[in-house]
Amino acid sequence: MKSSKTAWGLLAPTLIILGLVGLLPFIYVLYVGFHDWMIFAKVSGLVWAGVDNYRELVFDEDFLAALGRGLRFTIWTVSIQMVLGLLLAHLLMKKFKGRGFFRAIHALPLTVAPLVVGATWRLLTIPGLGPLPFYLNKIGIDYNIGWSAQQAFFTTVLMHIWHWTPFVTLTFLAGLSALPKEPFEGAMVDGANQWQIFRYIFLPMLKPVILIALFLRIMDALRIVDEVWMLTGGGPGTATRYVGIHIWRVVFPMTNYGYGSAMSVLLLYFIIVVCWLLLTVITQAKREAGT
Amino acid sequence: MEAKKTNKKREPGFLRMETNLFDRIFIGVVIFVAIHLLWMRFLESSISLTVASIISLVLIFVIAKWG
């Protein structure tokens, strides 16, 4: 009984902080999502709207398009980040001269604030000033993210990969360092080739780490705002207006807090469903493979 | 004691997954929201949203009990 009280006492500061910075704002956003709230409207306070915001949302083509765009961005960035991260982690586990230096330097993009990353990439890609359009023009590619929707999209993908792959690599490195050597040595003694070791020992043992990295990257990519905002401002047109940017435009310049909150809640719901489905599929696949 | 019992993992129901009560309620709530959103998009012009709420609540109960 006493130990239980002590445990709750020790947990209390964490629970209080989590409640204040996580749970309370969430409940408030949920509450605002069921209201109309535009500070420059005739009635500037909260006006109960029931599910009207959500009803409007399911017909909002701009929002649905932004959600689809965000999903496409997430699929591109996260899949490349996972593969690259795994390869880099594998390489950085090998012993070679200067390994410590490379381990430190590859994580440098993580230390840069997203807004600065966006601004730096903006400088890199400005036509007539940036080196990227200059060199691509030299090899015959007309590169201009100001008017080419596809180029703008893939530039945001590239920037995000550049910024966040080190995070995946570091996560995998931590996981790899904790793996025991015995199963690998045993497999090699038994004559398993590199692919079999990778498929049947390495991947299953690293699965919890892969899942954590995957979910964190999916959540982060789906709600991206700052980097892309600095680089393209969501343009050209709506080519890079991902869902986070779309919500930002509704909440701040248009001051439609009720509708913006409903969009945020729906995005959260969407992220939860995607992660849960992924977890279920992966867990189910593992169980079926085991039986 | 009873609460502890119901939250224990048990033999998979019709969901064919190992779940505890919290998992099943979570799945029920996810389906509840999905049904309402799809209903508002495709059916609300002809059938009231209250019907969706009743169906969803029944589904939550069914999933929590036999899922």
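**Figure 1. Contacts and overall build of chain A.** Residues 24 or more positions apart account for 70% of the contacts in chain A that have a separation of 6 or more; two residues are in contact if their C-beta atoms, placed from the backbone, lie within 7 Å. This is a predicted model, in which local features need pLDDT of at least 70 and side-chain atom pairs count only at pLDDT 80 or more, while totals for chains, interfaces and linings use all residues. Residues are numbered from 1 along each chain as its sequence is written, and chains are lettered from A and ligands numbered from 1 in the order in which they are written. Chain A holds 12 helices and 2 strands, and from the N terminus on its elements run α-β-β-α-α-α-α-α-α-α-α-α-α-α. Helices (H or I, at least four residues) and strands (E, at least two) are DSSP runs, numbered from the N terminus. The C-alpha trace of chain A spans about 75 × 75 × 35 Å along its principal axes.

**Figure 2. The two domains of chain A.** Domain 1 covers 1-31 and domain 2 covers 60-290 of chain A; such bounds come from an automatic or database domain assignment. Taken over C-alpha atoms, the centres of domain 1 and domain 2 of chain A are separated by 31 Å.

Figure 3. Of the 291 residues of chain A, 26% count as buried. A residue is buried if 20 or more other C-beta atoms lie within 10 Å of its own, exposed if 12 or fewer, and partly exposed in between. A nonpolar core is a set of buried Ala, Val, Leu, Ile, Met, Phe, Trp, Tyr and Cys residues joined through C-beta atoms within 7 Å. The largest one has 43 residues, and those with the most contacts inside it are A:Y242, A:V243, A:A262, A:M263 and A:L267. Helices that each supply at least two residues of this core include α3 (61-93), α7 (149-178), α9 (194-222) and α12 (257-290) of chain A. Leaving aside residues up to four places away in sequence, A:V243 touches A:A66, A:L67, A:G70, A:L222 and A:L267.

Figure 4. A:L268 has its place in helix α12 of chain A, and A:L268 counts as partly exposed because it has 16 C-beta neighbours inside 10 Å. From C-alpha to C-alpha, A:L268 and A:L222 are 9.5 Å apart in space, although 46 residues apart in sequence. A:I80 lies in helix α3 of chain A and is partly exposed, since 16 other C-beta atoms are within 10 Å. The C-alpha atoms of A:I80 and A:M93 are separated by 20 Å, the two residues being 13 residues apart along the chain.

**Figure 5. Backbone details in two loops.** A:G235 and A:P236 are joined by a cis peptide bond, with omega about 0°. A:P236 is found in the loop between α10 and α11 of chain A. A:T255 is in the loop between α11 and α12 of chain A. Phi of A:T255 is near 45°, a positive value in a residue other than glycine. With 14 C-beta neighbours inside 10 Å, A:T255 counts as partly exposed.

**Figure 6. The contact between chain A and chain B.** This contact takes 7 residues from chain A and 5 residues from chain B. The side of chain B that touches chain A has 4 nonpolar, no polar and 1 charged residues. Here Ala, Val, Leu, Ile, Met, Phe, Trp, Tyr, Cys and Pro count as nonpolar, Asp, Glu, Lys and Arg as charged, and the others, Gly among them, as polar. The predictor gives the complex an ipTM of 0.82 and a pTM of 0.85. Chain B has a mean pLDDT (the predictor's confidence in each residue, from 0 to 100) of 85, and 87% of its residues reach 70 or more.
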